[in-house]
Amino acid sequence: MTTNSTPVRSDQAQKFTRQEIATFGAVHLDVTNLRRSVEFWQSYIGLQVRSATDETAELGTESTTLVVLHATAKTPFKNGYSGIYHLAIHPSNEVEFARVLARLITKRYPIAPTDHTMSKALYMEDPDGITVEVTLETPERMARLEFGPRGPVAVDTNGTVRAASAALDVEAVLKALPDRDFTQPLADGTKVGHVHLYVSDVEAAHRFYKGLGFLDNMYLPQYGMADLGAGGAFGHRIAVNAGQTHGRPQAPAGTAGLRYFTIRFDTPERLKTALQSVVSVQEQAGGFLVTDPAGNKVLLTA
């Protein structure tokens, strides 16, 4: 991506390689009411319950767990702290995305349909106030992002300029639907496509995720933000923001929010290199738990 007036550092040589260096495994969330949160993820988003106990629930597609809920929180999500900004579920195609949109509209769930040009997105809050995004990746529409005196604008491949977060053409999205069956769960191929974090120091967070091997998409510390990709055409995999949370710690214990998220590297060698970049590692079943400078926990696997 390029800009008019603000330089954006970018690892262009590696940005569009075919295979990404890492993908996401399950995102673990602490919630206040397990049954209510399961209802949200199942009935509104379209995930399936893969297993459940009185204290936890695993949800995802038929073959893959995407979200794990833990009934450990005592209070809802609190703004103004380091932690989760939002997690994003990425359906695999336009039909799947349109079905989620139609289901949310039919159920009258409050959403913010947004067109980022590089993606089409639906924003909403879960029952605890954690922001959730459902995203259709459309990097083929994006030519560049420009930063001028009025802030960021997206320029698509046809030369059309629009706000970086414009209103989504809902009717156009719904035209992809082959039927009016809004009850179908999200199909295999759906994934956790990106994680957006609040951090206390954007430069420290940027160094941490760069150290794990992620690549610059945008690095704008003057705006309190950084955006990193994993080597593919969609550069928005891990984003960090400190505009509202600079110098702020994690929320008090017992607050609903992020427990940890999972990064899966494409090779054991890549995982080994990533682990060499962190100061403290806790080995546990399934991987290695590390903590970023803002206190966000990440499980690294291969």
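**Close-up views of a predicted model**

Figure 1. Glu-146 is part of strand S9, which spans residues 142-148. Its side chain is in polar contact with the side chain of Arg-144, at a distance of 2.5 Å.

**Figure 2. The largest pocket and its lining.** The volume of the largest pocket is about 680 Å³. Its lining comprises 27 residues, and those closest to the centre are His-116, Ser-165, His-196, Met-218 and Met-225. Six strands each contribute at least two residues to this lining: S5 (83-90), S7 (119-125), S9 (142-148), S13 (191-198), S15 (225-229) and S16 (238-241). Sorted by class, the lining consists of 15 nonpolar, ten polar and two charged residues.

**Figure 3. The second largest pocket.** This pocket holds about 300 Å³ of space. Among its 22 lining residues, Gln-250, Ala-251, Thr-255, Gly-257 and Leu-258 lie nearest the centre. Strands S5 and S17 (257-265) are the elements that give two or more residues to the lining. Which of the elements gives the most to the lining of the second largest pocket? Strand S17 does, with three residues. The lining divides by class into nine nonpolar, nine polar and four charged residues.

**Figure 4. Helix H5 and its two ends.** Helix H5 covers residues 202-211, and its buried residues are Val-202, Ala-204, Ala-205, His-206, Phe-208 and Tyr-209. At the start of H5, a side-chain oxygen of Asp-201 comes to within 3.0 Å of the backbone nitrogen of Glu-203. After the helix comes Gly-213, which has a positive phi, near 115°.

**Figure 5. An aromatic pair between strands S1 and S17.** The count of aromatic pairs in the model comes to eight. In the pair shown, Phe-24 and Phe-261 are tilted, with 6.2 Å from centre to centre and 55° between the planes. Phe-24 belongs to strand S1 (residues 22-30) and Phe-261 to strand S17, so the pair ties together parts that are 237 residues apart in sequence. Both Phe-24 and Phe-261 are buried.

**Figure 6. An aromatic cluster and two charges over rings.** Phe-40, Trp-41, Tyr-44 and Tyr-109 make up one aromatic cluster. Over the face of Tyr-44 lies Lys-107, at 5.3 Å from the ring centre.

Figure 7. Arg-108 is not a glycine, yet its phi is positive, at about 60°. The residue is located in the loop between helix H3 (94-106) and strand S6 (112-115). Is Arg-108 buried or exposed? Arg-108 has a relative accessible area of 75% and is therefore exposed, because that class begins over 50%. Thr-117, also not a glycine, has a positive phi of about 70°. Thr-117 sits in the loop between S6 and S7. Its relative accessible area is 0%, so Thr-117 is buried.

**Figure 8. Asn-296 in a loop.** Where is Asn-296 found? Asn-296 occupies the loop between strand S19 (287-291) and strand S20 (297-301). With a relative accessible area of 1%, Asn-296 is buried. The side chain of Asn-296 reaches the backbone oxygen of Tyr-198 at 3.5 Å.

**Figure 9. Tyr-223 and its separation from Arg-270.** Tyr-223 is placed in the loop between strand S14 (215-220) and S15. Its relative accessibility is 42%, so Tyr-223 counts as partly exposed. Along the chain, Tyr-223 and Arg-270 are 47 residues apart, and 31 Å separates their C-alpha atoms.

How values were computed
Residues numbered from 1 in each chain as written. Predicted model: local features only at pLDDT ≥ 70, side-chain atom pairs only at ≥ 80, totals over all residues. Heavy atoms only, no water. 1 Å grid on protein atoms, 1.4 Å probe; cavity = no way out; pocket = protein on both sides within 12 Å on 5 of 7 lines; lining within 4 Å. Points joined across faces, edges and corners; volume = space filled by probe spheres on them. Helix = DSSP H or I, 4+ residues; strand = E, 2+ residues; numbered from the N terminus. Nonpolar A, V, L, I, M, F, W, Y, C, P; charged D, E, K, R; others polar. Buried < 20%, exposed > 50% of the residue type's maximum accessible area, 1.4 Å probe, protein only. Polar contact = N/O pair within 3.5 Å; in protein donor to acceptor, adjacent residues only side chain to side chain. Phe/Tyr/Trp six-rings, centres within 6.5 Å; stacked < 30°, edge-to-face > 60°. Lys NZ or Arg CZ within 6 Å of the ring centre and 35° of its normal.
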